[in-house]
Amino acid sequence: MLRSSLHKCVPLGQMALLLFSPWVPLHAQALPAEEIVARTQQVLFYPGNDMKARLRMRLVSKEGSERLRELTMLRKNLPEGGQQRYFIYFHSPGDVRGMTFMVWKHPPRDAERWLFLPALNLVRRIAANDKRSSFVGSDFSYEDVSGREVGEDTHTLLREETLNGRPVFVIRSVPKDERSVDFSYRLAWIDKENFVLWREEYYDKRNELYKVFTADEVKQIQGLWTTVRRTMKNVQNGHHTEVTFLEVSYNVGLEDSLFSERYLRNPPGRWIR
Amino acid sequence: MQVHFASILLAVLVSASSLLAQSAPTSGNKKFPLRIHGFLLGNYTARTADAHPPGEEGGRFLWADERLRLELSGDTAKGNLSFLFKGDLFHDAVTNKVDGVVREAYLNYSRARFDVRLGRQIVTWGVGDLLFINDVFPKDWSAFFSGRPLEYLKLGVDAAKLHVATPALNAELVVVPFFEPDNLPGPERFFFFDPLADVPNRLLREPATTSGNSEFALRLYRRVFKSDVSLYAYRGYWRQPSFRPDQLPLPTQLRGFYPRLAVYGASGQRNLGDGLLSVEAGYYDSQDDRRGTDPAISNSQFRFLVGYQQQLANEFTLGAQYYAEVLTDYSAYKATLPSGFPVQDRTRHLLTLRLTKFLKYQTWKLSLFNFYSPSDQDALLIPEVWHAITDRLSLTVGANVFAGRRPTTFLGQFDRNDNVYVVLRFDF
């Protein structure tokens with residue numbers, strides 16, 4: 001109980017610090033489900049003060065036809081309340097080349113999103129409630145890319161087991177507002193030691209399994225656990241998307257001013273290459 | 001001149017292709033990486049009505065072209081100096097001519113709080129969806145009504161742009177020494193209302209390129225209470241010409257010119273509920289006819305719009321806008337309008353609706369855009385299907401359907417130009 005109220009007081013951005021502070025005893029078994037999920041979010045979406053990565057997405061249909069997207073992702077954590085900024089630059093395919101996309105995440109309010117279309121030199125804001133929409137036609141939603149608020153679901157620790165030789169928590173998360181999402185609940189397999197999310201299953205409104213997330217390759221980069229290859233598979237239609245983080249570096253010194261309309265319209269060459 | 005230009009463009013394309021052969025498309029010299037991309041486009045638009053405009057270009061096809069887009073870009077290692085060249089080489093199958101056009105060609109220099117962009121560039125301001133109030137930059141309405149891809153709606157300006165970013169305020173200043181008018185549908189390919197159609201003798205003059213004639217456009221913007229707020233000011237010209245007859249009631253010659261215009265406006269955009277709210281307004285100060293008594297020149301007017309966009313279901317978005325133009329000095333306008341000319345309402349109301357649905361992992365996009373004016377009683381409906389066959393190859397099929405109760409209103413005059421278009425695009 002104490003920990004859960006602690007979590008409410010401590011901004012998400014400082015959670016990582018808390019996690020590695022030596023004077024906080026780390027008895028993972030004693031953690032409430034909500035905090036386990038919060039720590040997983042930290043590992044998956046918040047490592048480092050900032051991050052620069054080049055991502056390759058393979059979108060593969062059941063028949064095996066393949067589409068590719070390549071993009072540079074810049075992310076910066078702000079000091080307060082789990083706020084983040086994202087800047088994405090698309091390298092390919094041709095019809096989206098040069099497009100940029102910016103997210104200002106300030107939980108618990110809806111994130112703000114902007115898109116820049118270079119052919120028209122047009123900056124467009126994107127409506128707020130599309131967080132479960134597909135990100136660039138992939139099996140990942142916008143929320144899968146930039147994270148889902150911990151408080152949007154009710155989390156329950158179901159059991160502890162081993163998955164591929166790793167000790168894991170199995171957590172069930174049920175959305176508080178069921179109408180806002182495309183799933184009725186999720187099951188997550190979370191590493192007990194490093195809080196890496198190894199597997200996640202999404203169940204549709206008929207409670208049938210429809211999407212499966214797997215962390216296919218996880219390694220430490222600059223001492224931070226990083227899922228460098230991940231897959232989201234739609235088991236109902238056989239479509240899947242594999243995302244590979246080709247180059248990842250943390251704490252590169254991204255400036256706050258980078259995440260602005262100025263750079264959306266005039267992408268910063270030194271960061272996006 | 002056109003052939004000469006086409007041969008220059010061809011030379012650029014050929015030398016670029018040889019560069020392409022030597023290096024991978026996305027790499028290039030490490031110190032100054034050069035990227036070469038582009039697309040091949042086939043764009044065919046057929047009239048659905050039997051009536052064709054007289055003359056060589058008035059055939060079954062309103063538009064038909066094959067086009068090569070070449071896009072060269074590069075920047076220095078630090079990224080503060082960059083350039084972009086976008087040029088098209090095309091074969092116009094309606095006139096059977098080969099020609100070229102430089103869409104954009106600029107140098108950009110960034111340093112600390114400043115960006116300077118010099119050369120031909122496309123500038124787009126404002127928050128309207130296909131409705132423009134403070135976007136005073138040139139547009140190609142002929143391309144838009146001809147079923148060409150949307151990017152051809154915007155025309156570049158040969159200009160210098162300065163962007164200043166401070167924590168409190170951002171400013172964009174665009175100086176345009178070379179006037180560029182809108183490209184409007186012409187009589188060669190379109191039917192439209194022309195009250196002086198009997199006077200073919202026309203002399204159209206653009207503002208001379210002198211320092212006093214340069215256009216200035218300023219935009220200031222910042223966030224205010226979670227909203228993106230912009231203020232705008234413009235000093236330049238109407239981009240659609242006015243024509244003054246040499247005598248009335250039986251003119252022998254029309255002198256065309258671009259009257260002076262100043263625009264002052266503001267826009268705001270923010271999340272509201274589950275959607276997105278857009279608001280924009282502007283005052284058009286028709287400086288050569290401030291009292292509104294010159295029938296050849298558009299009167300001063302207020303323009304405003306309010307729009308709302310929301311996702312209704314997964315991958316299904318609705319956007320709606322209300323737009324109005326209100327003439328000032330309406331009685332002066334009515335009193336001086338020559339007899340026989342259609343009378344415009346004081347306020348022109350316009351509603352737009354956009355429905356967009358993505359299917360099959362966004363490889364299909366169904367969209368419908370609709371302009372409807374309850375005051376003019378006219379409309380334009382644009383249904384479109386886009387399909388990505390592969391990452392590189394896409395096919396678009398759509399239509400422009402005009403409707404109107406009177407042949408003199410803005411959209412109603414195009415009633416006989418309904419068309420169906422096909423666009424095939426291959427990216428490289």
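Two residues are said to be in contact if their C-beta atoms, placed from the backbone, lie within 7 Å. That definition is used throughout this account of a predicted model.

Confidence comes first. For the complex, the predictor gives an ipTM of 0.90 and a pTM of 0.90. Chain B has a mean pLDDT of 92, and 93% of its residues reach 70 or more.

Chain B can be read by its domains. Domain 1 of chain B covers 1-71 + 84-101, and domain 2 of chain B covers 112-427. The centres of domain 1 and domain 2 of chain B, taken over C-alpha atoms, are separated by 25 Å. Where they meet, 18 residues of domain 1 of chain B are in contact with 19 residues of domain 2 of chain B. On the domain 1 side of this contact, the elements that give two or more residues are strand 1 and strand 2 (61-75) of chain B. Strand 1 of chain B provides the largest share of that side, with nine residues. Sorted by class, the domain 1 side that touches domain 2 of chain B has 10 nonpolar, six polar and two charged residues.

The next feature is a sheet in chain B. Three strands of chain B make up this open sheet, in the order 8-12-11, and their pairing is mixed. Strand 8 (202-204) and strand 11 (242-245) of chain B each have a single partner strand, so they stand at the edges, and one side of each is left without a neighbour in the sheet. From one strand to the next, the twist averages 25°. Within the sheet, strand 11 of chain B pairs with strand 12 (residues 254-257) of chain B in the antiparallel sense, over four bridges. In strand 12 of chain B, Leu254(B) is the bridge partner of Pro245(B).

Chain A contains six helices and 13 strands. Of the 273 residues in chain A, 37% are buried. Among the contacts in chain A with a separation of 6 or more, 46% are between residues 24 or more positions apart.

Tyr210(A) lies in strand 11 (residues 209-221) of chain A. Leaving aside residues up to four places away in sequence, Tyr210(A) touches Tyr202(A), Tyr203(A), Asp204(A), Asn234(A), Val235(A) and Gln236(A). Of these, Asn234(A) is 24 residues from Tyr210(A) in sequence, while 5.5 Å separate the two in space, C-alpha to C-alpha.

Last comes the contact between the chains. Chain B brings 38 residues to this contact and chain A brings 30 residues. On the chain B side, at least two residues are supplied by each of strand 1 (34-47), strand 4 (97-111), strand 6 (157-165), strand 13 (260-272), strand 14 (275-286) and strand 15 (301-313) of chain B. Strand 15 of chain B gives the most to this side, with three residues. By class, the side of chain B that touches chain A consists of eight nonpolar, 19 polar and 11 charged residues.

Notes
Residues are numbered from 1 along each chain as its sequence is written. Chains are lettered from A and ligands numbered from 1 in the order in which they are written. This is a predicted model: local features need pLDDT of at least 70, side-chain atom pairs count only at pLDDT 80 or more; totals for chains, interfaces and linings use all residues. Ala, Val, Leu, Ile, Met, Phe, Trp, Tyr, Cys and Pro count as nonpolar, Asp, Glu, Lys and Arg as charged, and the others, Gly among them, as polar. Two strands pair if DSSP finds at least two bridges between them. Axes are lines fitted to C-alpha atoms, for helices over the stretch in contact, and angles run from 0 to 180 degrees between N-to-C directions. pLDDT is the predictor's confidence in each residue, from 0 to 100. Domain bounds come from an automatic or database domain assignment. A residue is buried if 20 or more other C-beta atoms lie within 10 Å of its own, exposed if 12 or fewer, and partly exposed in between; C-beta atoms are placed from the backbone.
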